[in-house]
Protein chains: 2
Amino acid sequence: MATLNYSKQRQAILDLLQSRKDHPSAEVIYQTLRKSMPNLSAGTVYRNLKLLTELGQIKKLTGLDGVDHFDGTTSPHSHFICQCCGKVDDVFFEADESLNEKAASHCNGKIQSHHVYFYGTCNECLKK
Amino acid sequence: MATLNYSKQRQAILDLLQSRKDHPSAEVIYQTLRKSMPNLSAGTVYRNLKLLTELGQIKKLTGLDGVDHFDGTTSPHSHFICQCCGKVDDVFFEADESLNEKAASHCNGKIQSHHVYFYGTCNECLKK
DNA sequence: GAAAAAATTAATAATCATTCCTGTTTTTAT
DNA sequence: ATAAAAACAGGAATGATTATTAATTTTTTC
């Protein structure tokens, strides 16, 4: 994995994502880091999130609530979205080899990867 | 399925989506329908796409190229995104029952549905 | 079939996440 | 240490989507 992370700002963004188990948006990342880096710029956060995503060091999650969320866990996993509260949990469940293979014959091209989103109601919301 | 579709505009949007196998964006739908409905408004397209999505009569696809795309096929299926040309194909491949069940034990809630995105290179792009 | 009520539309303004731009600062390479 | 390259801060611009409002169309009721 490419390890060209010079700046304090970029490293702080990556560290934050790797230390959290939730999936913060760019805005949340910006507001969180601003507390310790008062003149951090929002553009810097967006630019580095885009760069880190392209380098594969973080994952971008879309289609949750209109804004993009980011995930510092790079090992393959799925996501569970609570349709009640909007929370996004990691689901460490491996369907990988088999899923790509099974779908291959139904597909007009070569599959390289996949991403599974599960939708439902989380335990907290079920209690209500 | 609820069938409360009064207006010409709403019906035209639904018909268009059901007659196409690709997954047009709101803008493409707007420009296409405008040819036969010259004073169609973009807001009408967006409002009806949102409504039809909420009613479950169409599906919204996010995270493809920054803009939302829409799918008139309601039977459960997956999608294959070509990372080369951006094309989105339907993949009629059923992993349903098993996938939700298998993931259930790894999940902090009750799974109701899922959506699988496959990423790869389509046959056209492979030839190049 | 016409009048009243409800729903929908067109047009336009507003919003808001994200990207772009410019001049400055930090990092890297020599 | 110095020059070149990369990255930053701050703010302006972009662009997809949503909200507003008055007018029109559709549905309902008689």
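Buried area is the accessible area (1.4 Å probe) that two parts lose on being put together, summed over both. The size of an interface is often given in this way, as the accessible area lost when the parts come together.

The views below come from a predicted model, in which local features need pLDDT of at least 70, side-chain atom pairs count only at pLDDT 80 or more, and totals for chains, interfaces and linings use all residues. Residues are numbered from 1 along each chain as its sequence is written, chains are lettered from A and ligands numbered from 1 in the order in which they are written, and side-chain values use heavy atoms, with hydrogens and water left out.

**View 1. Chain B against chain A.** Chain B and chain A bury about 2,700 Å² between them, and carbon and sulfur atoms carry 58% of that area. On the chain B side, look for B:Phe93, B:Asn108 and B:Phe118, which supply 19% of the area that chain B buries against chain A, more than any other three residues. The contact takes 32 residues from chain B and 32 from chain A, where contact means heavy atoms within 4.5 Å.

**View 2. Polar contacts and elements between the chains.** Across the interface of chain B and chain A there are 15 residue pairs in polar contact, both residues at pLDDT 80 or more. A polar contact is a pair of N or O atoms within 3.5 Å; within protein, one must be able to donate a hydrogen and the other to accept it, and residues adjacent in sequence count only if both atoms are side-chain atoms. The elements of chain B that give two or more residues to the side touching chain A are β4 (88–91), α4 (96–104), β5 (109–122) and α5 (123–127). Helices (H or I, at least four residues) and strands (E, at least two) are DSSP runs, numbered from the N terminus. The largest share of that side, 14 residues, comes from β5(B). By class, the side of chain B that touches chain A has 15 nonpolar, 14 polar and three charged residues. Here Ala, Val, Leu, Ile, Met, Phe, Trp, Tyr, Cys and Pro count as nonpolar, Asp, Glu, Lys and Arg as charged, and the others, Gly among them, as polar. The count of salt bridges between chain B and chain A is zero, a salt bridge being a side-chain nitrogen of Lys or Arg within 4 Å of a carboxyl oxygen of Asp or Glu.

**View 3. The two domains of chain A.** Chain A has five helices and five strands, in the order α-α-α-β-β-β-β-α-β-α along the sequence. Its domain assignment gives domain 1 (8–71) and domain 2 (78–127), with bounds from an automatic or database domain assignment. Taken over C-alpha atoms, the centres of the two domains of chain A are 22 Å apart. About 520 Å² is buried between domain 1 and domain 2 of chain A, 57% of it from carbon and sulfur atoms. In domain 1 of chain A, A:His23, A:Leu61 and A:Leu64 lose the most area to domain 2, together 68% of what that side buries. Three residue pairs are in polar contact between these domains of chain A, both residues at pLDDT 80 or more.

**View 4. The protein around DNA strand D.** Here 15 residues surround DNA strand D, and the closest are A:Tyr6, A:Ser7, A:Thr44, A:Arg47 and B:Tyr46. A residue is near a strand if one of its heavy atoms lies within 4 Å of it. A side-chain N or O atom of A:Ser7 is 2.6 Å from a phosphate oxygen of DNA strand D, and a polar side-chain atom of B:Lys8 lies 3.2 Å from a phosphate oxygen of DNA strand D. For A:Gln9, a polar side-chain atom lies 2.9 Å from a sugar or linking oxygen of DNA strand D. Of the DNA strand D atoms within 4 Å of the protein, 85% belong to sugar or phosphate and the rest to bases. The largest share of the surface near DNA strand D, three residues, comes from α3(A).

**View 5. The protein around DNA strand C.** DNA strand C is surrounded by 15 residues, the closest being B:Tyr6, B:Ser7, B:Asn39, B:Thr44 and B:Arg47. Sugar and phosphate account for 83% of the DNA strand C atoms that come within 4 Å of the protein. A side-chain N or O atom of B:Arg10 is 2.9 Å from a phosphate oxygen of DNA strand C, while a backbone N or O atom of A:Asp68 lies 3.2 Å from a phosphate oxygen of DNA strand C.
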